[in-house]
Amino acid sequence: MRNFLFKIISVKTNKEFKRLYHGRGEKTFPFLTIDSIDKILFVQFFEKNDYEDEIINLLKENKKYETIIIKKRYTNETFAIKGEIPKIYYAIENNLKFKLNFYNQNIGFFGDTKNAREYIQKISNNKKILNLFSYTCGFSLYAKKGGAKEIFNIDISKSALNIGMHNHQVNNLYDKNIKFLSLNILKSFKKLQKLGPFDIIIIDPPTYQKGSFIANKDYIKIIKKLNSLSHKNTQILACINDPKITKKEFIELFKDNSFKYIKEIAPPNEYTNSTLKSIIVSPKNI
């Protein structure tokens, strides 16, 4: 264990966010992820396991990081074993800042969608964009950086949207053409239709959000409304992180509802065995 752990955390890093170990989907330590966030080492345990105490004790010996934060996702405990948990801190990705809250279950940043964000930046110039389930608006940051004309960030969580607005301000990417709308998406299609049509639509929902969205039954409801929000050249980035839905099944879900599959955008290489599926599709019959 010692050699395994210290090999991981001795990897050369810089100020930018980097996943050092992605155990999700692995057989060895499927309960574990380790991230380098500038001067913070952030370690998450997703399930109760036999190695936890040993890992924590070994990490206490590390001198590379000023702060080491442990999050037990299965008990919702968060604590520092070295240094203190900062009240204000940012993940850095391609020199963009994402405000974090280490006490939240999801801290405000998902590194596995980096490649998808970069793709959105490349195609956003002068485009009108709908960002569904925007959370803290990472896709919107990249879209604005890419020259988007107008962006509508939609999420049921006002607090997430407030962080999203802050992220735009702290990166000097905020203007009046970026909107932050707190809506229940499944109940708001008529309002969204009045705002459209859109050149780019981004769909990156939670797998399970009680009372709001359950991917395996609600995703199809979004797909069936997409044509009413689109024109014939609209590009749709669709993401899902449900291990019960395969990439083939996800693609077929769109094909069966009159969309053509264009390409897949894989997660960064360090997310070995990630269950995230991100694809680009376009309307077939508009």
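## About the model

This is a predicted model, where local features need pLDDT of at least 70, side-chain atom pairs count only at pLDDT 80 or more, and totals for chains, interfaces and linings use all residues. Residues are numbered from 1 along each chain as its sequence is written, and side-chain values use heavy atoms, with hydrogens and water left out.

## One face of helix α3

Let's start with α3, a helix that covers residues 114-123. Helices here are DSSP runs of H or I with at least four residues, strands are E runs of at least two, and both are numbered from the N terminus. Within α3, the residues A116, R117, Y119, I120 and I123 are buried. Buried means under 20% relative accessible area, exposed is over 50%, and partly exposed sits in between, using a 1.4 Å probe and protein chains only.

Looking down the axis of α3, its buried residues fall within an arc of 160 degrees, so they line one face of the helix. That arc is taken from the directions from the helix axis to the C-beta atoms. As background, an α-helix has 3.6 residues a turn, so residues three or four places apart point the same way.

## Salt bridges

The whole structure holds 10 salt bridges, each being a side-chain nitrogen of Lys or Arg within 4 Å of a carboxyl oxygen of Asp or Glu. One of them joins R117 and E93, with 2.9 Å from N to O. Here R117 belongs to α3 and E93 to strand β6 (residues 89-93), so the pair ties together parts 24 residues apart in sequence. Both R117 and E93 are buried.

K72 and E52 also pair up, their closest N and O atoms being 2.9 Å apart. Since K72 is in strand β4 and E52 in helix α2, this pair ties together parts 20 residues apart in sequence. K72 and E52 are both buried.

Then there's E66 with K39, at 3.9 Å from N to O. E66 is in the loop between α2 (52-59) and β4 (67-72), while K39 is in the loop between β2 (32-37) and β3 (40-45), 27 residues apart. K39 counts as partly exposed, at 45% relative accessibility.

## The second largest pocket

The second largest pocket has about 180 Å³ of space. Of its 14 lining residues, E16, F17, K18, K114 and E270 are the closest to its centre. By class, the lining has four nonpolar, three polar and seven charged residues.

Key
1 Å grid on protein atoms, 1.4 Å probe; cavity = no way out; pocket = protein on both sides within 12 Å on 5 of 7 lines; lining within 4 Å. Points joined across faces, edges and corners; volume = space filled by probe spheres on them. Nonpolar A, V, L, I, M, F, W, Y, C, P; charged D, E, K, R; others polar.
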